[in-house]
Amino acid sequence: MIERVCVIGAGTIGSLLAAHLATVCEVSVLTRREEHAAMLREQGLRVSGKHELTASLHATADAAELGDFDVGIFACKALDLESSAARLAGRAPAATMMTVQNGLGAEDVVARHGQWPIISAVTFMSGIRHSDAHVEYELDTATWMGPWAQTKTPYSSVAELAELIISSGLEAEPMPDLLPAQWSKLIFNSAINTVAAMTMLPHVALFAKEDEFGDLGRLVHGLIDEGVAVAGAAGVTLHDDPWQMNVLAVARGETANSDYAHRPSMLEDVLTQRPTEVEFITGALVREAGRLGVPAPLSTAMYRLVRAREASWQLGSPSEAVLS
Amino acid sequence: MTRVCVVGCGAVGSLFAAHLGTLDDVEVWAYDVVADHVAAINESGLRLTGRADVLAKVNARTQASEIPPCEFGIVATKSMYTADAIAAAAPIFADGAVCSVQNGVGNEELIAEHVPRVMRGTTFPAGRVTAPGVVQMDTAGDTWIGPFEDRPASMEEVERLADAMTRGGMPTKALADARGAQWTKLIFNAASNPLGALTALTQGRLCEFAPTRALISGIVAEGVAVAAALGITLDSDPEALVDHSAEVAYDHRASMLQDALAHRRTEIEALNGGIVRFGSENGIPTPLNEAVLALILGMERAWTSQPEGEH
């Protein structure tokens, strides 16, 4: 019986999970900044958009103040996972932990800091963070969850948490093996995020156009084909065809309109000159390709370009003007 | 008196027009659509500053129909304007030989649709228009010209034009086969220019940052393979040009990066687009050049399709 959930990291995904779950169980939120926690304690956490609610919940920036909990959800960015997991070391020894980070390797990072059983997850929901205490629920797509094989997490734990998430109003789908879904999203994410970050385009219909030389869809398709080959070499049968995921995403009403197209997170990062998750997404894919001996020249090129764009911020190049 | 008309009298066109304008035996005309630049040239002459100090008499017009027949043409527009410019200027060269000194490949083919004899050209000098009628020469260097294979100018014409350019102060070599020079510069530009625009790194940093240096080599290798399939002997190793550029132009922002900063259309179609097209016609795969082409075209789309100020 899950009675207490701790959400680690209250960005867009963490805020959506925490606010909804707080309507069905006790939720505590671990933030990085104390003023963020203070605002959540005072104002509660507001959700607008697809759902309208304001949740009251516990919030702290000090892990020592967290009480015991049954489930911990790491909802921070992949770049912050190592430090977040370290803050939880030695706490809630009976808890089950879930990771929802983009890319590969999040479970390994958490496992280095505790003996907790781990649930792997990928999430397709999205939102817009308006303030520390207000998040807009944008795409009400599901979070897919499965037991991480290395910790022999029982499937029943996954099913129970999925049921709790569904009862809170969000979409979730438990699966006995998450790898096929995780890889589908990895391949999709790697192509869409890097192309969006380099072109500055949100995820618009051009990403699926492949009629002529230079059409962006040809590059996206090439990137996806490389990822599919890597997954095949890794012995993973994909849950969804990532190219079809791309075609469907740009065909959906809200993203086909370029005035209201979804901006992939790596594009948001580049626009604000924050470090991107390229190491965990495309970097992870390129390293797997190398390990398995599968050629991935296009993914490698995109990985190098995003790394170079990140480097330009440190070097004081005029990138801000390129983005304006 | 030899009559020469420069088509597209921007930075590069002005370098040729002004230098030729210093010669007693050459009458220089210029066709350009920028009215205040044309007016200033007619009023005060065409002035070069920077690496050159020249004031030359040039007859400039915004209407091609006001320009008399010329023996030679020099096309120096940005490559995306070649087709429109030569279509308008074609009557000037009804019996003339026209030389492209533009970036990339594919320009000569477009010019050959409108004039009887064509030359293939490659030039390194560069500059920028600093005021109407005034161009600052930033880079000096050589120019190579030769007959365009499909619709060739005679070697005698190539040599006469090269001689005039050289005497005017733009050192030019007349070659029977000018493809090697053109493809060497093309491959160098296609490998470094768009990466500057995509990453915002200067030339030196692009070359010393290992991930981008490796990507440059990948793009160069595809271009070299296409050139080989076309039977072209490059006149130098593009990899060596890349290393050299990192030394002599460390802080240089590639022209395509400058285009990106100003949200101007780039010449990507004539650079990587040309390598992709010729590669496809000759069965040579060019996935990295096509990736770069798609990314730059996507970036251009992002400037035009999104509301101002959204970002």
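This is a predicted model: local features need pLDDT of at least 70, side-chain atom pairs count only at pLDDT 80 or more; totals for chains, interfaces and linings use all residues.

Trainee: Why is the radius of gyration of chain B said to agree with a compact globule?

Mentor: A compact globule with 311 residues would come out near 19 Å, and chain B has 19 Å, so the two agree. Along its principal axes, the C-alpha trace of chain B spans about 55 × 45 × 35 Å.

Trainee: What makes a residue of chain B count as buried, and what percentage do?

Mentor: The cut-off is 20 or more other C-beta atoms within 10 Å of its own. In chain B, 54% of the 311 residues count as buried.

Trainee: What makes E5 and E12 of chain A edge strands?

Mentor: The sheet is open, has 8 strands and runs E5-E2-E1-E6-E7-E8-E11-E12 in chain A, with mixed pairing. Strand E5 (58–60) and strand E12 (172–174) of chain A each pair on one side only, which is what puts them at the edges. On average, neighbouring strands of this sheet are turned by 20 degrees against each other, direction ignored.

Trainee: How do you know that E8 and E11 of chain A pair?

Mentor: Pairing takes at least two bridges. Strand E8 (residues 118–123) and strand E11 (residues 143–147) of chain A are joined by 5 bridges, so they count as paired, and they run antiparallel.

Trainee: Which strands of chain A does helix H1 touch?

Mentor: Helix H1 (residues 12–21) of chain A packs on the sheet, touching E1, E2, E6 and E8 of chain A. The direction of H1 makes about 165 degrees with that of E1(A).

Notes. Residues are numbered from 1 along each chain as its sequence is written. Chains are lettered from A and ligands numbered from 1 in the order in which they are written. Helices (H or I, at least four residues) and strands (E, at least two) are DSSP runs, numbered from the N terminus. Axes are lines fitted to C-alpha atoms, for helices over the stretch in contact, and angles run from 0 to 180 degrees between N-to-C directions. Two residues are in contact if their C-beta atoms, placed from the backbone, lie within 7 Å. The radius of gyration is taken over C-alpha atoms; the globule rule is 2.2 Å times the number of residues to the power 0.38. A residue is buried if 20 or more other C-beta atoms lie within 10 Å of its own, exposed if 12 or fewer, and partly exposed in between; C-beta atoms are placed from the backbone.
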